[in-house]
Amino acid sequence: SASRRSFLPTWLIWTAGFLAFPLAGVAGTVVAGRVDSLLSALIGGAVAGLVIGAAQALLSRRRLDLRRWVPATAVGMGVGLLLGSAAVGYRTSLAALLAMSALTGLVVGIAQAAALPAAVGRRRWIWGAAMPILWAMGWTATTLGGIDVAQQFTVFGAYGALTFSALSGVLLHYLLPIGA
């Protein structure tokens, strides 16, 4: 019952972390430019992942270990964006972004699942399996929201980030409720 009472404030705090995504995108673009090469994808993705991972760990209410979550997210996003963007030839149509984000989300999901606390146990695969879907939903919301994705951003914008954060917050609470 304590877990149920803590859901809404914990979820709202996690969901407010959507603000880190646009900041992460700006940081990735400032450091690496547009995602139009292997190097820009790797570096831009890693920088964006560093910002996102730090925000998520700080907003998780001590459920995620900053020392594990941040590097996992940075490496996962750098490698994932490299693989995903190269696989679609750096194109930005909705179909290309769905494929790119599924690959990015797969790598991020595997890395983050490995960084989840031991209390999650074997259910960590659920996080890994959900990330490709949630990343694709993030890019879909951003694209359908009219954002100029042709600028080859490192990560989806606020529309996609809000979608991603709200849904991943529910999943995080299921896997790792407060007080568990």
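1. The axes of helix H2 (residues 20–32) and helix H3 (residues 38–59) come within 8 Å and cross at roughly 150 degrees. H2 is therefore roughly antiparallel to H3, a term for angles over 145 degrees. Axes are lines fitted to C-alpha atoms, for helices over the stretch in contact, with angles from 0 to 180 degrees between N-to-C directions; helices are DSSP runs (H or I, at least four residues) numbered from the N terminus.

2. The model is predicted: local features need pLDDT of at least 70, side-chain atom pairs count only at pLDDT 80 or more, and totals for chains, interfaces and linings use all residues. Residues are numbered from 1 along each chain as its sequence is written, and side-chain values use heavy atoms, leaving out hydrogens and water.

3. H2 passes H3 in a right-handed crossing, meaning that the near helix is turned clockwise from the far one by less than a right angle. Residues in contact (heavy atoms within 4.5 Å) include Phe 21 and Val 31 of H2 and Ile 43 and Val 47 of H3. This contact has twelve nonpolar, four polar and no charged residues. Nonpolar covers Ala, Val, Leu, Ile, Met, Phe, Trp, Tyr, Cys and Pro; charged covers Asp, Glu, Lys and Arg; the others, Gly among them, are polar.

4. Helix H5 (residues 94–115) packs with helix H6 (residues 124–144) at about 150 degrees, with axes 7 Å apart. H5 also passes H6 in a right-handed crossing. Their contact has 17 nonpolar, seven polar and one charged residues.

Conventions: Helix = DSSP H or I, 4+ residues; strand = E, 2+ residues; numbered from the N terminus. Parallel < 35°, antiparallel > 145°, perpendicular 65-115°, else oblique.
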